[in-house]
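Keep the sequence and the 3D view side by side as you read.

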Amino acid sequence: METEKKSLTSAEQMTDRDLSEQIKKVTMEIHTRAEKTELMMSFMRGQVTLAQYKLLLCSLYEVYQTLEEEMDRNSNHPGVAPIYFPTELARLEAIAKDLEYFYGRDWREKIIVPAATKRYCHRLRQIGKENPEFLLAHAYTRYLGDLSGGQVLGRIAQKSMGLKGSEGLSFFAFPGVSNPTLFKQLYRSRMNSVELTEEERNGMLEEAVRAFELNIQVFDDLQNMLLTVPEKKLQTCSTQSKPVNTLQIPISQTAPLLRMVLGLFVALATVSAGLYVF
């Protein structure tokens with residue numbers, strides 16, 4: 001019995017050393033807090049408007065553009081190479097396709113994002129230069145979260161907005177991944193194989209928590225944007241050659257009814273942040 005107990009303890013210790021399991025553990029609190037929000041629950045009622053979804057796509061485009069630029073630039077880094085799957089996971093082209101469907105060919109002149117989105121992008125660029133291995137934390141929480149919840153969220157969004165077929169929903173589709181379950185197992189195995197010093201590992205875990213926080217901040221700003229900014233101003237022009245328009249969103253009390261219809265934002269924030277990864 002004692003030998004069996006020791007073997008079990010040893011196995012548990014080995015599992016606990018897996019980076020994917022450690023990330024799951026350290027993000028459990030923020031995961032639970034986000035998952036139980038009223039807005040997350042309202043999403044499950046299938047309430048979302050086209051205007052909200054379009055605004056969401058604008059921020060997702062900015063975040064993924066930055067993340068994928070940094071992943072590409074650091075693709076040979078030992079902390080990035082094992083989990084670098086651009087063919088299977090890249091989201092930028094899919095989001096651009098959705099934006100063109102909703103806004104037209106000049107969509108780049110019509111997008112606008114809140115300040116939190118720019119802060120998120122700034123963080124991604126910072127670690128891309130200073131600590132490329134930390135990109136793994138963001139890639140893991142975002143990509144596997146999207147992959148895990150994509151099909152369900154896509155169907156809910158389609159029904160809520162009355163969309164026909166798959167047009168406008170490319171973000172949710174992963175044509176390069178034939179078996180999501182097996183792919184996620186491969187991805188976790190690859191990330192667990194990354195060699196990290198104790199200091200780097202601790203930094204990675206802190207970055208995973210930060211990834212959740214940054215996502216939640218983005219979607220909090222998006223909610224306040226819809227509450228406080230006139231629709232006309234939301235269409236302020238910007239071009240790809242210039243910084244995307246950024247709005248400083250004041251903190252305000254969200255009306256209960258409007259909070260109900262903002263569910264998709266929080267759902268995508270939390271799913272993208274890895275709520276359904278584990």
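Helix α10 (residues 180-192) has 13 residues and spans 18 Å from its first C-alpha to its last, close to the 18 Å expected at 1.5 Å a residue (the expected span is 1.5 Å times one less than the number of residues). Helices here are DSSP runs of H or I with at least four residues, numbered from the N terminus. The model is predicted: local features need pLDDT of at least 70 and side-chain atom pairs 80 or more, while totals for chains, interfaces and linings use all residues. Residues are numbered from 1 along each chain, and side-chain values use heavy atoms, without hydrogens and water.

Which residues of α10 are buried? They are F183, K184, Y187 and M191, where buried means under 20% relative accessible area (1.4 Å probe, protein chains only). They cover an arc of only 100° around the axis, so they lie on the same side of α10; the arc is taken from the directions from the helix axis to the C-beta atoms. An α-helix has 3.6 residues a turn, so residues three or four places apart point the same way.

| Helix | Residues |
|---|---|
| α2 | 19-26 |
| α6 | 86-89 |
| α9 | 135-161 |

Now turn to I30, found in helix α3 (residues 28-35). I30 is buried, with a relative accessible area of 5%. Leaving aside neighbours within four places in sequence, I30 contacts V209, F212, E213 and I216. I30 and I216 are 186 residues apart along the chain, and their C-alpha atoms are separated by 9.9 Å.

How values were computed
Helix = DSSP H or I, 4+ residues; strand = E, 2+ residues; numbered from the N terminus. Buried < 20%, exposed > 50% of the residue type's maximum accessible area, 1.4 Å probe, protein only. Contact = heavy atoms within 4.5 Å.
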